[in-house]
Amino acid sequence: VCTTKCKQKKGRIQIVKKKQLMSMLLAGALAAGTLFGCASGGKSTGKTEQASDASKSAEKADSKSTEASGTPLADVRVRQALAYAIDMDTIVNSLFEGKAEVAKSYTAPGDWLNADIPEYKYDPEKAKELLKEANWPKDYTLDVVYYYDDQQTVDLMTIIGQYWQEVGVKAKFRKLEGDLASQLWVPPTDKEKGPSVVKWDLAYAAVAALCESEFYNRFASTASNNSTVPKQEGLDELITESNATMNAEEQKKAFFKIQNLIAEKELAMPLYHQVCFIYTSDKLDTAGVKFGNDQFSYEKNILDWKINREDKTMYTNGGPEEFFWSPMVNPGYMLSTELVFDKLINADSTLTPTDGMLAESYKVSEDNKTIEFVLRDGLKWHDDQPLTGDDVKFTLELMLKTPGTNAVASEVVKAIKGSSDFLDGKTDNLEGVTVEGNKVTVNFDSVSANALAVFSQWPILPKHCLEKANPETLQQDQFWQKPIGSGPYKVDEVVLNNYATLKRWDGYYKKGSGNIDKIYLFASGENDANLVKNAGAGKIDYAWSKSTEDAKAIEAMDSMKVTSANIRYTRCFYINQFPHEANIK
């Protein structure tokens, strides 16, 4: 146990270390690679050469655009130079203490990333060369905005400013306040020439995505949130191609092309990927499960897990404070949601849809506009009521009616045939969903590329429990005090704002080889302030967070293991290529 004096001492040490770290990084930025040895004589090798070669055509295409547009950032060479000037490897290893991953694309490393796209490794001499070729106006000061309150962001902006200063680029950094959407994401009326509605050169921001399309749809010339990128030859067509199929492999092919085009032209500047930290105790055997993004659901095979406790109880967090969370916004954020409710289909650790769950099988039509699900025989809810296709249809209708449903899920259900008439109250029947015995067919007006992802994330809810609930205030319904689901564990005991327990359910369609009979959930919201304390007391067997502070504290415990997993959460600079007030002459 750390006393108050001990904590204060540790706090002072951390502050001193942070100051030393900042001094080292700033000195390194000013030394432009001499201290860190990252740019041997300014020569680029490997992928850096590839980035230079692959972007020659982009440079030629954009080289005359600066004078015409009125902004130096319209020149691809300037955008590339800004990327070459930043030593993200050193920043990640030092400022983030290695608990992040350098980004070469919005897409995190893994199956969905094109490994051959150009990347811009730290090379200040190359940056200077490109700026000279582009006739960079030395009296120009970049206006860089951000909207985070944390000190780490301020430190990061300071360091990047020093790196840019070393190659001859001045920048000022300011925090946005007020209505962020109107200051960041409003597109110009003329989406080819501008002028820009937003009043900055670069914006430091983040994108957290369930599906790859959330990263890239915004680069379309018609996107309602594209405030920075003029229409690019071929890009709209590639984005359309990525949205024209439900097949994951076909989507990957299209995204690989999109990633390459965006990287060649450096239409935006990915900086680093935030990772997810998964905590497991030495009492838990997870049966070799491959961990993934715990912000969403993936097949953990928890019924095969084993716990080395006499009472066969696994301790975790995510228990109800005022209520169990409704899944409409965050379907898998709380482990309790994932264990109490089942989805129609599974997803693997990369969130790619796989086999059936409630649905024994499913089939997508050749035109990608129809999905046919065949439910398992004998499905039941935890109260022994039958789970049928009517519950599936009811859930989709409820998702349409509930305000605040996650944007990806909302987009998919709104693409179902007859959804507008249903929403307008012209009919009380969602025409595009038909039920015939165990078969549920969902018909779409147009291809809904993320439909399978949604059906692997959003659980089916019990009609007999929620049909009288008001969709406008769904989270406040009494049901969420002690919900009834269809998953492998059912809610047992609930003490709001304290704890809840889940009990292994004998009626589940799979049995598993594990021994966890009970799951004890400490009450917590999105960020568990007691996670480290409970882990230190031996009362956390499984949990996750995105907090580097939690990860550092827990990895120091002999009884705990910390595993990092890539997630679709990328920090980046959006680069405004439209002229605006500061650069229109």
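These notebook entries record what I looked up in a predicted model of a protein.

**Basis of the entries**

I number residues from 1 along each chain as its sequence is written.

**Overall composition**

I counted 20 helices and 19 strands in the protein. Helices (H or I, at least four residues) and strands (E, at least two) are DSSP runs, numbered from the N terminus. Of the 585 residues, 55% are buried. Buried means under 20% relative accessible area, exposed means over 50%, and partly exposed lies in between (1.4 Å probe, protein chains only). I then examined contacts, defined as heavy atoms within 4.5 Å. Of those between residues at least 6 apart in sequence, 74% join residues at least 24 apart.

**Backbone exceptions**

Proline 195 lies in the loop between α9 (180–184) and β4 (202–208).

I also checked two residues that have a positive phi although neither is a glycine: asparagine 135, at about 55 degrees, and glutamate 266, at about 45 degrees. Asparagine 135 belongs to the loop between α7 (124–133) and β2 (141–146), and glutamate 266 to the loop between α12 (248–265) and β5 (268–281). Are they buried or exposed? Asparagine 135 is exposed, with a relative accessible area of 65%, whereas glutamate 266 is buried, at 5% relative accessibility.

**Four-stranded sheet**

I traced an open sheet of four strands in the order β8-β17-β16-β15, with mixed pairing. The edges are β8 (313–319) and β15 (489–495); each has a single partner strand, so one side of each is left without a neighbour in the sheet. On average, neighbouring strands of this sheet are turned by 25 degrees against each other, direction ignored. For this angle, axes are lines fitted to C-alpha atoms, for helices over the stretch in contact, and angles run from 0 to 180 degrees between N-to-C directions.

I took two strands as paired if DSSP finds at least two bridges between them. β8 and β17 (residues 518–523) run parallel and are joined by five bridges; here glycine 319 stands opposite alanine 523. β16 and β17 run antiparallel, also with five bridges, and alanine 500 has leucine 521 in β17 as its bridge partner. β15 and β16 run antiparallel with five bridges, and valine 491 is partnered by leucine 502 in β16. The hairpin of β15 and β16 has three residues between the strands, and asparagine 497 in this hairpin takes a positive phi near 65 degrees. I found five of the six residues of β16 (residues 499–504) buried, so this strand is largely enclosed by the rest of the structure.

I checked the length of α14 (residues 389–401). Its 13 residues should span 18 Å at 1.5 Å a residue, and its end C-alpha atoms are 19 Å apart, which agrees. The expected span is 1.5 Å times one less than the number of residues. Eleven of the 13 residues are buried, so the helix is largely enclosed by the rest of the structure. Among them are the charged residues Asp391, Lys393 and Glu397.

A nonpolar core is a set of buried Ala, Val, Leu, Ile, Met, Phe, Trp, Tyr and Cys residues joined through side-chain atoms within 4.5 Å. Which members of the largest core touch the most others? They are Leu344, Phe444 and Phe455, in a core of 79 residues. The largest share of this core, six residues, comes from α14. A second, separate core of 41 residues includes Leu82, Val92, Ala100 and Ile160.

**Threonine 153 and the cysteines**

I located threonine 153 in α8 (residues 151–166) and found this residue buried, at 3% relative accessibility. Leaving aside neighbours within four places in sequence, threonine 153 contacts Tyr146, Tyr148 and Tyr204.

I searched the whole structure for disulfides (pairs of cysteine sulfur atoms within 2.5 Å) and found zero. Cysteine 211 is buried at 6% relative accessibility, and cysteine 572 is buried at 0%.

Key. Predicted model: local features only at pLDDT ≥ 70, side-chain atom pairs only at ≥ 80, totals over all residues. Heavy atoms only, no water.
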